[in-house]
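Let us walk through this protein one piece at a time. Keep the 3D view open as you read.

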Amino acid sequence: GESAQGHEHAFATNVTGHFLLCELLAPTLPKGGRIVMLTGDIYCFSKVCTPDFRYRGTLGGMRAYCRSKLGNLWLTAELQERYPDLLCLTVHPGVVDSNLGRENTTTVAPVHKKKPRGPGISCELGAQTTLIAATQDGLTPGAYYHNTQGRMHLDPRDHALDRDKSRALWALCERLSAEFR
């Protein structure tokens, strides 16, 4: 589907929505404040993140999601660059069995549920890396933290480290969200 502005839903929600929230929030945070953005390993299946993606087929929605998660890594890099007094981090919480993204589902799995219903981990376990990023001292500004591998050290050729694309995505998000600022 598309947002009211005509952008693919995953991009509209996970990229421009997150961008706008962070852009409005960051200037109000005190020195040392934190912004934690979620991503997923699945970002590695994409090389681009654009609002004009139109998917088809059974894997189309997943491909759109992959693109948006790459965008989250790029946005965090730009946030850290533009707001050096903040601690901006990206987190992969794991594959969380939350019911989000399932057809005809209106409830989210309770946080206290210990045993996942599907292939993922419980919401409680999925929150752990995000909580660490939000509260622990000694974390590296702009870093990417994984739920089972800790701080990620990406290969220099990884698309997530493309500073030109992260700057271009930031500029695009500024244009796309101008009416809301």
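**Two crossing helices**

Helix 2 and helix 5 are roughly perpendicular to each other, because angles from 65 to 115 degrees count as roughly perpendicular; those under 35 count as roughly parallel, those over 145 as roughly antiparallel, and the rest as oblique. The two helices pack at an angle of about 90°, and their axes are 9 Å apart. Axes here are lines fitted to C-alpha atoms, for helices over the stretch in contact, and angles run from 0 to 180 degrees between N-to-C directions.

A word on the source. This is a predicted model, in which local features need pLDDT of at least 70 and side-chain atom pairs count only at pLDDT 80 or more, while totals for chains, interfaces and linings use all residues. Residues are numbered from 1 along each chain as its sequence is written, and side-chain values use heavy atoms, with hydrogens and water left out.

Now look at where the two helices meet. Contact means heavy atoms within 4.5 Å. On the helix 2 side, the residues include Gly71, Trp74, Leu75 and Glu78. On the helix 5 side, they include Arg163, Leu169, Trp170 and Cys173.

One pair in this meeting place deserves a stop. Arginine 163 forms a salt bridge with glutamate 78, and their closest N and O atoms are 2.9 Å apart. Arginine 163 lies in helix 5 (residues 163-177) and glutamate 78 in helix 2 (residues 60-82), so the pair ties together parts that are 85 residues apart in sequence. A salt bridge is a side-chain nitrogen of Lys or Arg within 4 Å of a carboxyl oxygen of Asp or Glu. Are the two partners buried or exposed? Glutamate 78 counts as buried, at 2% relative accessibility. Arginine 163 counts as partly exposed, at 25%. The cut-offs are these: buried means under 20% relative accessible area, exposed over 50%, and partly exposed in between (1.4 Å probe, protein chains only). The pair also belongs to a network of salt bridges that links Glu78, Glu81, Arg82 and Arg163.

Stay in helix 5 for another pair. Arginine 167 and aspartate 164 meet through their side chains in a salt bridge of 3.3 Å, N to O. They are 3 residues apart in helix 5, so about one helical turn separates them. Arginine 167 counts as partly exposed at 40% relative accessibility, and aspartate 164 counts as exposed at 56%.

**The whole chain and its sheet**

Step back. The chain has 5 helices and 4 strands. Helices (H or I, at least four residues) and strands (E, at least two) are DSSP runs, numbered from the N terminus. Along the sequence, the pattern reads α-β-α-β-α-α-β-β-α. Of the 181 residues in the chain, 41% are buried. Take the contacts between residues at least 6 apart in sequence: 69% of them join residues at least 24 apart.

How are the strands arranged? They form an open sheet of 4 strands in the order 1-2-3-4, with mixed pairing. The edge strands are strand 1 (34-38) and strand 4 (150-151), and each pairs on one side only. Two strands pair if DSSP finds at least two bridges between them. Strand 1 and strand 2 run parallel and are joined by 5 bridges. Here methionine 37 has threonine 90 in strand 2 as its bridge partner. Strand 1 has two faces: Ile35 and Met37 are on the covered one, while Arg34, Val36 and Leu38 are on the uncovered one.

At the other end of the order, strand 3 (residues 144-146) and strand 4 pair in the antiparallel sense over 2 bridges. Tyrosine 145 stands opposite arginine 151 in strand 4. Helix 4 (residues 128-135) packs on the sheet and touches strand 1, strand 2 (87-92) and strand 3. Its direction makes about 160° with that of strand 1.

**Ties and cysteines**

The whole structure holds 6 salt bridges. In one of them, arginine 34 joins aspartate 137, with the closest N and O atoms 3.8 Å apart. Arginine 34 lies in strand 1 and aspartate 137 in the loop between helix 4 and strand 3, so this pair ties together parts 103 residues apart in sequence. Aspartate 137 counts as exposed at 71% relative accessibility, and arginine 34 as partly exposed at 24%.

How many disulfides are there? The search finds 0 (a disulfide is a pair of cysteine sulfur atoms within 2.5 Å). For cysteine 173, the nearest cysteine sulfur is that of cysteine 49, 7.3 Å away. Cysteine 173 counts as buried at 0% relative accessibility.
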